[in-house]
Amino acid sequence: MPVATLLPFTATPNRKSASPTSFRLTEKFILLLVFSAFITLCFGAIFFLPDSSKLLSGVFFHSSAVETNTHTGPDSSDAGSAGNDDRLLAKIKKDHEKALLEAKDTLQKLPDVIQNDILADKAKVTKESMGKGAKDGNNLPFIEYHRPPGATGLEPQDPETRERRAKIKEMMKHAWDSYKQYAWGSNELRPVSKHGHSSNLFGSIKGATIVDALDTLYIMEMFEEFDAATDWVEKSLDFNVNAEVSVFEVNIRFVGGLLSAYYLSGKEVFRRKAVELGEKLLPAFKTPTGIPWALLNLKSGIGRNWPWASGGSSILAEYGTLHLEFMHLSRLSGNSEFAQKVMNIRKVLNRLEKPQGLYPNYLNPNSGQWGQHHVSVGGLGDSFYEYLLKAWLMSDKTDEEGKKMYYDAIETNLMRKSTNGLTYIAEWKGGLLEHKMGHLTCFAGGMIALGADGAPGDKTGHQMEQAAEIARTCHESYARTTLKLGPEAFRFDGGVEAIATRQNEKYFILRPEVIETYMYMWRFTHDPKYREWGWEAVQALEQHCRVDGGYSGIRDVYASSPNYDDVQQSFYLAETLKYLYLLFSEDDHLPFEHWVFNTEAHPLPVIRKDKTDRPNEVEN
């Protein structure tokens, strides 16, 4: 009889007992009957059940397995069998006596004592699992969860700022509700035609918008929507797919989004899913140099690079934008392999010569040599430099290698000033400067501002000036369009400044980089113009991108009326709306001393070297 069925006899809920072991006469009689039945059952099993010794040893409590002689060949003897039987009976008797003692001890314990014993056993198992480390997503080491400060913030004191922030939250609700109504479970939404949309970046993984938006929902205190998203992740997010994915995009959106959701909410499902996906991405590093492939089949583990990328090279902004997430994966899984993989990338890069002091955008993962000498702080190169700086900040400023690599690279000769005084960052191709700046490059204003305080020598003021100038140039790229939304790229040649001159550069796909720089500049300067510029963008988004089914990108920002591309990008919810919301929030909301944003705007906490850093306690 299982011990649990005896527990009702250990307590007398309708009266106070004099002692834990005091029983009425009738109770003693019942206990005697129970013990008699128990003994009869045990000895009956010896004679009537097949292989009963093994059954007894496996069923009753924690007794060890009984070893039996199962050899039945011609070498067996009657004397040997008799000896084995005697030892077997002695072993069974000993186990039986032990079982009776354990049962008696349990019967004499109060329910509270039994509960404490259970908790002690649980703690012992947890401690043992911590020592073994993580084997997979379902066997992770115990980590005491502490939420860094600022996961949610106070209402702005200024009425106008409070009203504007509320408007941005309403925009998020419209984007989310539209996605949920028309494209739930799909990667993205087609807001005009009102159905789901997916690109080949995610293979057959689903739910990019859900995972990308998790932290934005939490930060905006949209907890009902957050809970619905969490439920979908728990039940439907599946990485067991036979499909090829972009390692970069899956890392920054899915891994980054899951990590951020875990650190904000403490829900274990996000940690488990992040580690599971991270482990599926590890085969991408199986190259002669350890520089990962751009594309990976999650089932077969076979990788390759984009065929258009300089003879099959890996791209700087892709293999260089894994560091933040993989360092946190090692921390949360107990598996140092994640950190080792990304640190090896630096070793490879540090062995190579850097033309113009920067890193070319293409690197052959087989030979370990640069591909085409195309250097850019914009597309193909941008987030590599961002992650060097943020790796240093996220390490509690202990990653000196990342710091040196960033500051050595940032002082380059790609910074230029136009005839009318607009500062821009050009691109370098094969020894020639191309006087073009992409929308993606506009993130650099925020990056330079973020790193200015740690700049060597007396360069802090100079770098803040550069950041402000870049912010002004990117604002001009918006102001000089008909729809007041920025083009994908703009040029400074042929008599034009901050204007797109090619048709394939005139589109706007709800990108966040300009808003991102406004947010950083506001935090560091509190100059009201950055909030005003951000509000101009809000008004343009509402007027030209909002449709009944969500928000859509625009094919030509210089046209008199919008021509929709019919895609609500997942990064619109993850980045654009989040940065706008933070632009109109107080500085204690996701403060920079405690959080670092990945390149998809997913906040990750600073990893404190001092484990007793009490300010990172959970906020109640």
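**View 1. Strands 11 and 12 side by side.** Strand 11 (residues 427-429) and strand 12 are joined by three bridges in the antiparallel sense. Strands here are DSSP runs of E with at least two residues, helices are runs of H or I with at least four residues, and both are numbered from the N terminus; two strands pair if DSSP finds at least two bridges between them. Glu427 sits opposite Glu434 in strand 12. The open sheet has three strands in the order 8-11-12, with antiparallel pairing. Strand 8 (374-375) and strand 12 (432-434) are the edges, each with a single partner strand, so one side of each has no neighbour in the sheet.

A note on what you are looking at: this is a predicted model, in which local features need pLDDT of at least 70 and side-chain atom pairs count only at pLDDT 80 or more, while totals for chains, interfaces and linings use all residues. Residues are numbered from 1 along each chain as its sequence is written, and side-chain values use heavy atoms, with hydrogens and water left out.

**View 2. Helix 8 and its kink.** Centred on Gly256, helix 8 has a kink of about 30°, the bend being the angle between axes fitted to the seven residues ending at a residue and the seven starting there. Of its 19 residues, 19 are buried (buried is under 20% relative accessible area, exposed over 50%, partly exposed in between, with a 1.4 Å probe and protein chains only). Gly266, with a positive phi near 80°, follows the helix.

View 3. Asp396 and Arg608 meet through their side chains in a salt bridge (3.0 Å, N to O). Asp396 lies in the loop between helix 13 (382-394) and helix 14 (400-410), and Arg608 in the segment after strand 18 (603-605), 212 residues apart. A salt bridge is a side-chain nitrogen of Lys or Arg within 4 Å of a carboxyl oxygen of Asp or Glu. Asp396 is partly exposed at 30% relative accessibility, whereas Arg608 is buried at 17%.

View 4. Lys404 is exposed, at 54% relative accessible area, and Asp408 partly exposed, at 45%.

**View 5. Ala498 in its loop.** Although Ala498 is not a glycine, its phi is positive, about 60°. Ala498 belongs to the loop between strand 14 (489-491) and helix 17 (513-525), and is buried at 0% relative accessibility.
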